[in-house]
Amino acid sequence: MTDQEKNEEQQQHDTASDFDFLQEKIKERPINKKKLIKRTIITAMMAVLFGLLACLSFLLLEPVLNNWLYPEEEPEVVTFPEEQKEMLPEDMLTEGGATQSGQEESVTTGTEKSTQQASQDETDIVPDEPDDTPPADEPDEEEGAFALRPYQSQYEELYKAYGEIASSMVTVTALHSDVDWFNNTYQSEGTTAGVVIANNNKELLILSKKAPLDTAESIRITFCNGANADAAIKKYDVATNLAVLAVDLKYVTGTTLDRVTVATLGSSASSGIIGTPVIAVGNLFGYNDNVCYGIVTSKGNNVGLPDNEYKLITTDIYASENPSGILVNLNGEVIGILENSYNNADTKNLLSAIGITELKGMITKLSNDEDIPYLGIYTQDITTQARTEMGLPQGAYIYAIDMDSPAMTIGIQRGDIIVGVGDQEIYNASDYMNALRNAAIERNLKIVVRRADVNSYKELIFTVQPILRN
């Protein structure tokens, strides 16, 4: 190594040793976790507090700003005219007397004034100038009221007819006990409308629907004067769902008997009832004591039931789908029992009734504690045209038979024509219904039918026992 190289190395060594004091080791500052957590919590709390203050400010200021930007108008005060007090008859007489006195006073005063005016005219007579102005047509305020009075009078007459039949109406309440979720016994009620149809000097007989009474433990009758009495089902008809209830007269007070009237059963057979006014009374809208007025729209619809055929009367009266009560003509006579179950789907709320004419025989038997015989045969009349064109014999045509009915069991078939029941000849469906109605339960009954053969009709004789339908 040369001297020059040694000198350079010595200089570098001396230079490095001169800066040894400047060399130090840098260490990372330790993290204080407690302070970090504390600052994080404080920051979160401040954020929550700021959010709450912002929400509170918005809630408080929003109505003020909204009313300022979109002011609401104050609603107008709603007022209704006060009703004038109805003037009593005695007040009318008093006012009439005062008016009459006033008129007399006016007449007297007018006479005096006329005398004074006449004396003045004698001294100074001035001819009157003709008045060419035509008299003004002043509107008569009572003209509209007079025009509506006949209309009001008609409804007053309808209400009078309703008042005559209202005393025959009763409310039939079915009482039965039920148990709630906590085994507590309570008494529930179901009501339907009924009508008093007879007084046999022992009982008051009431016609009503039977379905609401099926589960009744007891039946309560409420009369027109509010008096109550217990009743029992005397007899009922399954096909029509009608029952006759009996109220023992010993449970009816004399005051109630004086108020209650027996309804008169009229006639629904006349074709002239179409378009005539009728009154519906009973439970029409789900609650009691309803009355509606309307007209009969049709009566030719048939309701085919086992061993019976009834006529359905339709009206333009709106009611519930399951009303109960009666249909009455203007003479206060019952012409139908309300029944909407046979209505078409598009007229289910228009009031209908089964004609009373076809029901009278059945009601008579039920009222006399007699059962309704059942064979299960559906019949209809054979028209003159059908007999002429198709060569059908005259009788009651069977278009349907109930399954497992007495008629089907003995071999009577659909398409047979009934020509005899017992000793009575049958010419139409009505003859068959009347003959069967007079038959006895579980007693042999001869039924003569004609059944289509190859080229003619052969006669068959069956012996059947009518039963009580349950």
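A salt bridge is taken here as a side-chain nitrogen of Lys or Arg within 4 Å of a carboxyl oxygen of Asp or Glu, and the legends below apply that term to close-up views of a predicted model.

**View 1. Lys235, Asp369 and Asp371 are linked in a network of salt bridges.** Within this group, the side chains of aspartate 369 and lysine 235 meet at 3.9 Å, N to O. Aspartate 369 lies in the loop between α6 (356–367) and β14 (373–374), whereas lysine 235 belongs to strand β5, so the pair ties together parts that are 134 residues apart in sequence. The two partners are listed with their accessibility: aspartate 369 is partly exposed at 43% relative accessibility, while lysine 235 is buried, with a relative accessible area of 19%.

**View 2. Lysine 234 and glutamate 203 form a salt bridge between their side chains, at 3.0 Å from N to O.** Lysine 234 is placed in strand β5 (residues 228–237) and glutamate 203 in strand β3 (residues 203–209), so this pair ties together parts that are 31 residues apart in sequence. Both lysine 234 and glutamate 203 are buried.

**View 3. Glutamate 339 and lysine 209 meet through their side chains in a salt bridge of 3.7 Å, N to O.** Glutamate 339 sits in the loop between β12 (333–338) and β13 (350–355), and lysine 209 in strand β3, so the contact ties together parts that are 130 residues apart in sequence. Glutamate 339 is buried, and lysine 209 is buried as well. A search of the whole structure finds 10 salt bridges, among them the pair of glutamate 339 and lysine 209 shown here.

**View 4. Valine 296 is a buried residue of strand β9.** The strand spans residues 290–305, and valine 296 has a relative accessible area of 1% within it, which means that this residue counts as buried. Valine 296 and isoleucine 274 are 22 residues apart in sequence, yet their C-alpha atoms are 5.0 Å apart in space. Leaving aside residues up to four places away in sequence, valine 296 touches Ile273, Ile274, Gly275, Thr276, Val278, Ile313, Thr314 and Thr315.

**View 5. Cysteine 224 and cysteine 292 are shown with their accessibility.** Cysteine 224 is partly exposed, with a relative accessible area of 31%, whereas cysteine 292 is buried, with a relative accessible area of 16%. A search of the whole structure finds zero disulfides.

Note on methods. Residues are numbered from 1 along each chain as its sequence is written. This is a predicted model: local features need pLDDT of at least 70, side-chain atom pairs count only at pLDDT 80 or more; totals for chains, interfaces and linings use all residues. Side-chain values use heavy atoms; hydrogens and water are left out. A disulfide is a pair of cysteine sulfur atoms within 2.5 Å. Buried means under 20% relative accessible area, exposed over 50%, partly exposed in between (1.4 Å probe, protein chains only). Helices (H or I, at least four residues) and strands (E, at least two) are DSSP runs, numbered from the N terminus. Contact means heavy atoms within 4.5 Å.
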